[in-house]
Amino acid sequence: DTLYEEEQHGVDSDLENGYHIKEEYQRVLRAMQQLDDEEQDILALVVSSGLSYREIADMTGNSEANIKVKIHRSRLKLKKILRQNKL
């Protein structure tokens, strides 16, 4: 019985963890929707494309330094939105 209970607890824990991950993912997506289109696009490129800042700069017609600033500011704005929404 003890082994079964431990296995069941592991399954319950995995399900709960998966639920929390999904919930956090949805919270971040809602927060991203509050960014302007350019901020959303640049952050999406950084996170999902594997492109370097140089490549993103070339794609967007910006300098690499400008992309770094935009990414930094967009991340700060996203963090601020997430903090505000958590209250």
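Modeller: One term before we start: a residue is called buried under 20% relative accessible area, exposed over 50%, and partly exposed in between, with a 1.4 Å probe and protein chains only. This is a predicted model, in which local features need pLDDT of at least 70 and side-chain atom pairs count only at pLDDT 80 or more, while totals for chains, interfaces and linings use all residues. Residues are numbered from 1 along each chain as its sequence is written, and side-chain values use heavy atoms, with hydrogens and water left out.

Biologist: What does the protein chain average for pLDDT?

Modeller: The average is 88, and 85% of the residues score at least 70. pLDDT is the predictor's confidence in each residue, from 0 to 100.

Biologist: How many helices and strands in the protein chain?

Modeller: Four helices and zero strands, in the order α-α-α-α from the N terminus. Helices (H or I, at least four residues) and strands (E, at least two) are DSSP runs, numbered from the N terminus.

Biologist: How far does α4 reach from its first C-alpha to its last?

Modeller: α4 has 23 residues and spans 33 Å, close to the 33 Å expected at 1.5 Å a residue. The expected span is 1.5 Å times one less than the number of residues in the helix.

Biologist: Which residues of α4 are buried?

Modeller: I67, I71, S74, L78, I81 and L82. Over the protein chain, 20% of the 87 residues are buried.

Biologist: How many residues in the largest nonpolar core?

Modeller: It has 14 residues, and those with the most contacts inside it are L35, L43, I67, I71 and L78. The elements giving two or more residues to this core are α1 (2-32), α2 (37-48), α3 (53-60) and α4 (64-86). α4 supplies the largest share, five residues. A nonpolar core here is a set of buried Ala, Val, Leu, Ile, Met, Phe, Trp, Tyr and Cys residues joined through side-chain atoms within 4.5 Å.

Biologist: What does L43 touch?

Modeller: Not counting residues up to four places away in sequence, L43 touches M32, L35, I71, S74, R75 and L78. Contact means heavy atoms within 4.5 Å. Among contacts in the protein chain between residues at least 6 apart in sequence, 55% join residues at least 24 apart.

Biologist: Switching to charges. How many salt bridges in the whole structure?

Modeller: Six. A salt bridge is a side-chain nitrogen of Lys or Arg within 4 Å of a carboxyl oxygen of Asp or Glu. One of them joins K70 and E38, with the closest N and O atoms 2.6 Å apart. K70 lies in helix α4 and E38 in helix α2, so this pair ties together parts that are 32 residues apart in sequence.

Biologist: What about E39, which residue does it form a salt bridge with?

Modeller: With K77, at 3.1 Å between the closest N and O atoms. That pair links distant parts of the chain, E39 being in helix α2 and K77 in helix α4, 38 residues apart.

Biologist: Is E39 buried or exposed?

Modeller: E39 counts as buried, at 14% relative accessibility. K77 is partly exposed, with a relative accessible area of 34%, and E38 is partly exposed at 39%.

Biologist: Where is R54 found?

Modeller: R54 is in helix α3, and its side chain meets that of E64 in a salt bridge (3.6 Å, N to O). E64 is in helix α4, ten residues from R54. E64 is partly exposed, with a relative accessible area of 26%, and R54 counts as partly exposed at 38%.

Biologist: Which residues are linked with R54 in a network of salt bridges?

Modeller: D58, E64 and K68 are linked with R54 in that network. Leaving aside neighbours within four places in sequence, R54 is in contact with N62 and E64. The C-alpha atoms of R54 and I67 are separated by 8.3 Å, with the two residues 13 apart along the chain.
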